[in-house]
Amino acid sequence: MSSKKIDGKAIGQEIRNELKEEVASLVAQGVQPGLAVILVGENSASETYVKNKEKSSKEAGMKSILTKLPDTVSEEDLLAEVEKLNQDDTIDGILVQLPLPKHIDENKVIRAISPEKDVDGFHPMNVGKMLIGQETFLPCTPYGIMQLLERSNVDIAGKHAVIIGRSNIVGKPMGQLLLQKDATVTYCHSRTEDLKKFTQQADILIVAIGIAKFITGDYIKEDAVVIDVGMNRDENGKLCGDVDYESAEKQASAITPVPGGVGPMTITMLLKNTVESAENKLKARMQNK
Ligand SMILES: Nc1nc2c(c(=O)[nH]1)N[C@@H](CN(C=O)c1ccc(C(=O)N[C@@H](CCC(=O)O)C(=O)O)cc1)CN2
């Protein structure tokens, strides 16, 4: 059977259109949502993502500032930069683009971001809230995947979701969000024995393994929904995911492409979190009047 493409570009655009209206309403009430991005070093992929974050936030009517620091910057100076933004009342969302150079402790930097401005949803306080189902900023990639599933009318409750990958940014939170929607969740990772045994049971298969085209059609149960989080270059230098799209789409009922699937949703949900942060600020201001 041939599967339905889950179009992250189109769904992302739909959400951005909704956000534009929310931003306009906030601006009318005297609050322009502000996003600050810090980029350390010259990783070309990171530069592209950061440029797209800046462009998309401006298109939505938000304030956007980018701070570029050399890869020789000290941890202390980076932390000082974060603290400056924590204190800036025109900034609602702060993110430090990852990965960071090796001499900087990523966890320390994440902890330095005020949880109220942590629009990446990486701060331990926000991770904890997410885990126990309290309202908070959700990490953008898993949040975007939940939107893709919900807006494509994929049933989650009672389904078996298999996640390949256990990173703090994608795999771990992904499982928790699916669990909160009553999926039965299995985590697989690099030490999982007989991976295929698990993937072939998946009604929803989330692939974040980091190896180009690793998951082929024979790993996939007929009519499964397949979400590809991978971002790799193939032998010709072309962007591709962790799933071999051609063989997988023959098995799946729905599948995300790369590019144009999960990636655009990551940036969209960052904007959504920033708007939510600005809304929180406005509510707090009104309560203190
Ligand atoms: N602080 C953070 N760092 C990183 C995050 C994050 O959420 N917060 N995630 C990734 C990178 N990332 C966002 O930062 C990201 C990756 C990919 C895309 C995307 O739109 N991809 C496109 C293809 C882009 C291309 O042509 O190269 C697609 O899939 O269609 C957006 C954001 C690691 N770091």
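Aspartate 182 is located in the loop that connects helix 7 (171–180) with strand 6 (184–188), where helices (H or I, at least four residues) and strands (E, at least two) are DSSP runs numbered from the N terminus. The phi angle of aspartate 182 is near 70°, a positive value in a residue other than glycine. The structure is a predicted model, in which local features need pLDDT of at least 70 and side-chain atom pairs count only at pLDDT 80 or more, whereas totals for chains, interfaces and linings use all residues. Residues are numbered from 1 along each chain as its sequence is written.

Two cis peptide bonds are also described here. The bond from leucine 98 to proline 99 is cis, with omega near 5°, and proline 99 lies in the loop between strand 4 and helix 4 (106–112). Valine 258 and proline 259 are likewise joined by a cis peptide bond, for which omega is about 0°; proline 259 belongs to the loop between strand 11 (254–255) and helix 10.

The protein is divided into domain 1 (31–114) and domain 2 (140–262), with bounds that come from an automatic or database domain assignment. The centres of domain 1 and domain 2, taken over C-alpha atoms, are separated by 28 Å. Because both domains give residues to the shell around the ligand, the ligand lies between them. This shell holds 18 residues, the closest being Tyr49, Leu98, Pro259, Gly263 and Thr266, where a residue is near a molecule or strand if its C-beta atom, placed from the backbone, lies within 6 Å of it. At least two residues of the shell are supplied by each of helix 2 (44–59), strand 4 (93–96), helix 6 (140–151) and helix 10 (262–287), and helix 10 gives the most, with 4 residues. By class, the shell around the ligand comprises 11 nonpolar, 6 polar and 1 charged residues, with Ala, Val, Leu, Ile, Met, Phe, Trp, Tyr, Cys and Pro counted as nonpolar, Asp, Glu, Lys and Arg as charged, and the others, Gly among them, as polar.

Helix packing was then examined. Helix 1 and helix 10 pack at an angle of about 20°, with their axes 9 Å apart; axes are lines fitted to C-alpha atoms, for helices over the stretch in contact, and angles run from 0 to 180 degrees between N-to-C directions. Helix 1 is therefore roughly parallel to helix 10, given that angles under 35 degrees count as roughly parallel, over 145 as roughly antiparallel, 65 to 115 as roughly perpendicular and the rest as oblique. The crossing of helix 1 and helix 10 is left-handed, a term used if the near helix is turned anticlockwise from the far one by less than a right angle, with right-handed used if clockwise. Residues making the contact include Gly8, Ile11, Ile15 and Leu19 of helix 1 and Val262, Gly263, Leu271 and Val275 of helix 10, two residues being in contact if their C-beta atoms, placed from the backbone, lie within 7 Å. The contact of helix 1 with helix 10 has 12 nonpolar, 4 polar and 5 charged residues.

The axes of helix 1 (residues 8–28) and helix 6 come within 11 Å and cross at roughly 95°, and the two helices are therefore roughly perpendicular to each other. Here Gly8, Ile11 and Ile15 of helix 1 meet Gln147, Leu148 and Arg151 of helix 6, and the contact has 3 nonpolar, 2 polar and 1 charged residues.

Helix 2 and helix 10 have axes 10 Å apart and pack at an angle of about 50°, so that they are oblique to each other, and their crossing is right-handed. Asn52, Lys53, Ser56 and Ser57 of helix 2 make this contact with Ile267, Leu270 and Leu271 of helix 10, and the residues involved divide into 3 nonpolar, 3 polar and 1 charged.
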